[in-house]
Amino acid sequence: MKQQPNFLFIVTDQHRADHLGCYGNDIVKTPHIDAIAAKGTRWERFYVANPICMPNRASIMTGRMSSLHGARHNGIPLSRNHTTFVELLKDAGYRTGLIGKSHLQSFTGLPATNRYEPDPDLHTPCKELRDAYKDNRHSRDYDLELAPQWDRPLAERLNEDFYGFEDVEVAADHADKASGDYLLWARQQRPDFDSLVGPENALPDNRIKAPQAWRTAVPEELYSTSWIAERSQAWLGERASEDGPFFLQMSFPDPHHPFTPPGSYWDMYDPREIPLPASFGKGDLPPIRAMREAMEKGSDPRDNQNPFTVTEEEARALIALTYGSITMIDDAIGRVLAHLDAVGLAENTVVIFTTDHGDYMGDHGLMLKLLLHYQGTIRSPFIWHDPISPGSGAVDRGLASSIDISATILARAGIQAFNGMQGRDLRATPPPDCVVVEEDSQRPMTGFDRPQRVRTLVTERYRMSLRHGEDWHELYDLQEDPQEMKNLYDDPASANIRHDLTEKMLRRLIDLQDRAPLPAYRA
């Protein structure tokens with residue numbers, strides 16, 4: 001039997017594909033990630049199954065769409081009843097580790113926005129019968145990532161593995177507000193660490209003024225990015241003396257907002273030298289108009305997770321700070337890759353790079369994510385380097401989805417996938433003619449008077465997004481209009497295209513319906 005490969009699976013958070021040098025960005029410095037692509041293969045048309053953290057991370061873990069695994073939005077944990085590809089690796093003898101962000105469970109502790117409301121005129125079922133699933137993920141087993149309750153390491157609170165991960169050291173939340181095991185460590189290094197974080201403790205800097213941006217007082221060596229790299233190096237060093245294969249997920253909470261790159265990374269990029277996206281300030285979709293008006297009136301707080309519009313100065317500043325966070329991550333990756341080589345593991349370790357979703361980053365004048373499926377939010381980087389069969393800088397231009405990651409890793413490890421996995425082996429199967437992106441919001445937000453349910457179809461040429469309960473939808477010709485500025489959905493000349501795409505979407509949604517469990521008998 002051939003020696004099974006090791007895997008180093010690198011994940012960033014809210015990171016656009018075009019915010020990497022290897023994807024054509026000539027400003028942000030990412031030499032180490034670019035080097036992975038130069039030796040391997042990068043996918044040009046790689047899309048998320050869902051453009052929100054928890055749903056897409058759950059889709060990566062299960063190889064299934066969020067409509068099937070049920071983690072449709074942040075705050076809905078991935079059920080332990082759903083099989084993950086990491087569990088299959090562990091079952092096959094792999095040592096499995098997770099260092100950094102997990103976000104398979106909620107870490108805020110906020111109450112549900114859509115709660116079961118008893119009807120006073122009807123008999124109210126008992127709590128166990130109020131949901132379609134009796135296992136409604138409300139037990140203590142799903143409170144493991146809650147930041148307010150993180151009084152000791154996650155590993156000490158586990159009775160078994162964590163979704164297949166035997167070794168876990170987790171950083172929850174983002175930027176200089178990162179918490180979890182990381183925060184316990186940081187407080188050990190500096191008993192006054194809490195006095196360094198947040199905007200109230202920020203260092204003075206009058207050059208950059210933008211929403212959710214402050215010059216953190218946390219030094220580079222105590223920032224979560226550095227901790228993740230150091231702990232990953234230590235974990236890999238321990239594997240060097242072992243015979244069996246390993247899988248390590250190294251997951252960074254950045255470059256997700258707030259925007260707080262520490263030390264030299266804060267002003268590494270000059271906002272004045274940052275070009276604005278071609279679509280900045282353009283677009284007349286109803287929510288964009290509403291967000292723009294809210295900014296002008298000062299009625300949009302712009303300090304939470306909801307998308308918001310920005311001025312040109314703010315957009316340049318936030319993009320520059322994001323670039324600083326990305327370069328810090330790239331430097332950390334470089335140290336880990338050098339250590340992987342130094343301990344003799346590089347020759348048999350597949351290195352994979354991706355993210356959970358993107359960010360508007362100034363597209364159409366917007367920041368963050370949610371509800372509008374522009375390329376910046378749904379298209380993500382995916383890079384694969386296998387030292388046994390290097391890609392030598394190859395570019396795969398076929399359509400691919402984040403549900404394909406698990407199937408590809410399992411196939412390379414020589415492990416059969418479980419029944420119901422929806423992804424495909426990216427290395428050995430032809431690309432599909434379309435991919436689907438799902439999103440189900442849980443609350444109204446600026447520009448939307450109700451929670452949204454959106455289904456998006458991406459083909460080689462088009463992107464179409466349909467909304468439940470709304471009288472407007474989207475259709476863009478990505479070949480003629482890559483910035484997605486001309487909505488063709490109601491254009492009579494595009495009616496046949498819209499009809500063809502609608503049928504294609506329906507057929508793909510049928511294909512994505514569940515095939516698990518297996519039938520009890522055969523005809």
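Helices here are DSSP runs of H or I with at least four residues, strands are E runs of at least two, and both are numbered from the N terminus. Heads-up: this is a predicted model, where local features need pLDDT of at least 70 and side-chain atom pairs count only at pLDDT 80 or more, while totals for chains, interfaces and linings use all residues. Residues are numbered from 1 along each chain as its sequence is written, and side-chain values use heavy atoms, with hydrogens and water left out.

**Helix α10**
- Among the buried ones are D404, I405, L410 and R412.

- Four strands make an open sheet in the order β12-β13-β14-β15, with antiparallel pairing (strands pair if DSSP finds at least two bridges between them).
- β12 (434-440) and β15 (474-477) are the edge strands, each pairing on one side only.
- Between β13 (residues 453-459) and β14 (residues 462-467), which run antiparallel, there are 5 bridges.
- R455 has L466 in β14 as its bridge partner.

**E438**
- E438 sits in strand β12.
- Though buried, E438 has no salt bridge (a Lys or Arg side-chain nitrogen within 4 Å of an Asp or Glu carboxyl oxygen).
- The nearest side chain of opposite charge to E438 is R455, 4.2 Å away.
- E438 touches residues including P51, M65, V454 and R455 (contact means heavy atoms within 4.5 Å), not counting residues up to four places away in sequence.

Conventions:
Buried means under 20% relative accessible area, exposed over 50%, partly exposed in between (1.4 Å probe, protein chains only). Lys and Arg count as positive and Asp and Glu as negative; His and the chain ends are not counted.
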